[in-house]
Amino acid sequence: MRARVVVTLCVVVAVLLAGVPWIASPATIEFGINMLLLAALAQSWNIIGGYTGYPSFGNSVFYGLGSYGTAVAMLSWQLPFGVGLVVGAVIAVVFALLLGRAVLRLRGHYFAICTLGVAEVMTAIVSNLEITGRNQGLVLPLLKGNVLFYELSLALVVVATLVVWWIARSRFGFGLVAIRENEEAAASMGVDTTRYKIFAFAISAAIGAVAGGIHAYWITFIDPVSAFDIGLNVKMIIMAVFGGPGSILGPVVGAFVLSAISEVLSSEISTVAGLFFGIVIVVAVVFMPRGIADLLRRFHTYRWRYFAANVRATRV
Amino acid sequence: MDAVLSVNGLSKRFSGLTAVAHVSFELGRGEILGLIGPNGAGKTTLVNLISGALEPSDGELVFEGRSIGGLPPFRRAHLGIGRTFQIMRPFPGLTVRDNVAVGALFGTGGGERDLAKARAIAHEKLDFVGLARVADRPADALGGPDRKRLELAKALAMNPRLLLLDEVMAGLNLSELEEVIAIIRKVRDGGVSVLVIEHVMKAIRSLSDRLLVLHHGEMIAEGTPEHVLEDPAVVEAYLGKRRE
Ligand SMILES: Nc1ncnc2c1ncn2[C@@H]1O[C@H](COP(=O)(O)OP(=O)(O)OP(=O)(O)O)[C@@H](O)[C@H]1O
Ligand SMILES: [Mg+2]
């Protein structure tokens with residue numbers, strides 16, 4: 001019953017969001033595209049970080065590979081944009097399969113640090129390849145208007161959320177959560193942990209890459225430093241964790257709320273916006289470390305004690 | 001005797017320390033084999049070698065006529081080897097039922113494909129070990145004795161043919177002990193072979209068809225409980241290095 005209400009609400013929100021370009025100003029649509037792409041990225045991180053419990057810093061690499069894959073396909077191989085997106089996604093997935101085999105053996109901080117290193121290496125590699133325009137980057141053909149990009153970004157969020165929804169109620173997702181909760185026990189109970197982790201990484205990569213491809217064609221310019229920016233990976237994590245990692249809607253809600261807060265702050269009080277944003281994050285981590293999703297689930301039973309219990313649990 | 005598991009010359013060395021030293025034995029179908037020994041004797045290490053959590057330094061493992069050396073733990077689980085952990089490893093964020101459902105979803109033969117069916121099996125197993133009343137609680141809300149039962153239910157949900165129990169009775173009171181003994185007997189009656197590690201002598205004596213004693217990684221005795229527990233070498237191992 002409650003699930004049906006939530007699904008209906010989601011459909012309504014998606015339809016309303018789809019109509020936004022017809023009434024909103026260009027600036028609002030641009031804000032919307034950024035927000036939607038971040039939501040898709042937070043959702044992609046959710047699969048490997050939230051469900052599988054592997055805190056990846058390699059997701060900005062998938063984004064970067066998607067950006068460059070799409071750009072190179074369009075510029076060097078004269079392929080249409082849609083095919084370019086697929087090319088970018090395939091490159092990222094292949095990369096995730098290879099990288100996953102190597103780094104998903106590591107756990108916790110070791111995994112995080114190792115994926116962080118990969119992002120640095122990719123920036124260096126792309127800065128030195130002829131086909132990617134070295135460190136000058138690439139300029140894509142200009143497509144006027146924002147509506148196509150807005151709708152594509154929205155579609156990506158919807159697809160990513162459907163994928164997570166499927167994971168959450170599948171045997172595959174059960175295996176991922178078991179890995180997150182105790183990998184050794186999961187393996188001894190028959191979960192093929194290596195294969196599951198690599199699959200999760202690959203799905204995450206495909207979504208991240210498409211987001212990168214959409215962004216590249218929209219912005220029409222990419223360079224190695226911004227395409228493989230670790231800061232973007234940090235944003236994905238903050239948004240997913242703020243909304244509720246390992247939940248179906250949390251990362252999307254987190255991305256929407258934090259994008260809105262940061263937009264308001266930067267337009268009202270630009271100089272200290274960053275500081276306020278930081279404060280919002282810290283307060284959220286202290287009072288609701290398991291995100292909005294968990295807050296909504298438990299607030300009605302615990303009421304205000306919910307926050308007190310979290311503060312006590314994190315010993316701040 | 002038709003052996004389900006044959007262990008041949010199995011050894012495990014940890015940089016200098018030999019935790020399991022050239023151990024050989026067979027476990028028959030539907031047999032309950034007790035494994036005892038003082039602390040640090042190598043019992044858990046032996047279970048880890050059989051389940052695949054550790055690779056042996058030497059020796060051979062044959063399960064149902066097939067060599068399982070080198071197979072990863074999940075493959076051994078698919079073949080029908082289920083285990084519990086002495087240091088319990090629940091999935092804390094999952095409900096008790098879903099903890100057990102993981103066993104049904106991925107256990108012997110690759111497990112059940114259907115989530116609803118897996119949850120139904122889980123419920124059946126929880127009922128069997130007496131945990132049905134807490135099925136919807138998160139696993140980390142359980143107390144010690146219930147956690148032990150949860151470990152047992154998770155392994156049972158895999159529908160194993162060989163069950164490795166590492167101290168599932170530690171810390172239980174007398175009536176709980178009786179219950180778990182009855183549960184293990186019922187499992188065996190269903191055709192499952194059981195290797196059970198236990199420090200509670202009374203329990204192991206009444207439960208085991210046969211006993212195996214490890215000391216400093218070496219097998220120092222094997223035979224019927226009465227016989228083994230009288231063995232001077234066993235008595236000395238325990239008296240010489242008394243626990244608690
Ligand atoms: N991963 C490991 N690395 C190094 N040494 C280990 C490792 N695992 C076990 N050991 C050592 O191997 C020996 C046997 O340990 P094991 O846990 O198998 O004993 P046990 O018989 O299960 O003892 P207990 O009754 O206390 O559970 C011990 O000396 C232990 O310290
Ligand atoms: Mg032990």
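In this predicted model, one place where the two chains meet is a contact between helices, in which R171(A), F174(A), G175(A) and A178(A) of helix α7(A) touch D98(B), A101(B), V102(B), L105(B) and F106(B) of helix α3(B). Two packed helices are described by the angle between their axes and the distance between the axes. The crossing in which α7(A) passes α3(B) is left-handed.

A second pair of helices lies within chain A, where α4, residues 81–103, and α5, residues 108–126, pack at an angle of about 140 degrees with their axes 11 Å apart. The helices α4(A) and α5(A) are therefore oblique to each other, and their crossing is right-handed. From α4(A) the contact takes F95(A), L99(A) and V103(A), while α5(A) supplies F111(A), C114(A), T115(A), V118(A) and M122(A). These residues divide into 7 nonpolar and 1 polar, with no charged residue.

Turning to the ligand, we find 13 residues around ligand 1, of which G40(B), K43(B), T44(B), T45(B) and Q86(B) come nearest. A backbone N or O atom of K43(B) lies 2.8 Å from an oxygen atom of ligand 1, and a backbone N or O atom of A41(B) lies 3.2 Å from an oxygen atom of this ligand. With H199(B), it is a polar side-chain atom that lies 2.9 Å from an oxygen atom of ligand 1.

How values were computed
Residues numbered from 1 in each chain as written. Chains lettered and ligands numbered in written order. Predicted model: local features only at pLDDT ≥ 70, side-chain atom pairs only at ≥ 80, totals over all residues. Heavy atoms only, no water. Left-handed = near helix turned anticlockwise from the far one by under 90°. Helix = DSSP H or I, 4+ residues; strand = E, 2+ residues; numbered from the N terminus. Contact = heavy atoms within 4.5 Å. Near = heavy atom within 4 Å. Polar contact = N/O pair within 3.5 Å; in protein donor to acceptor, adjacent residues only side chain to side chain. Axes fitted to C-alpha atoms, helices over the stretch in contact; angles between N-to-C directions. Parallel < 35°, antiparallel > 145°, perpendicular 65-115°, else oblique. Nonpolar A, V, L, I, M, F, W, Y, C, P; charged D, E, K, R; others polar.
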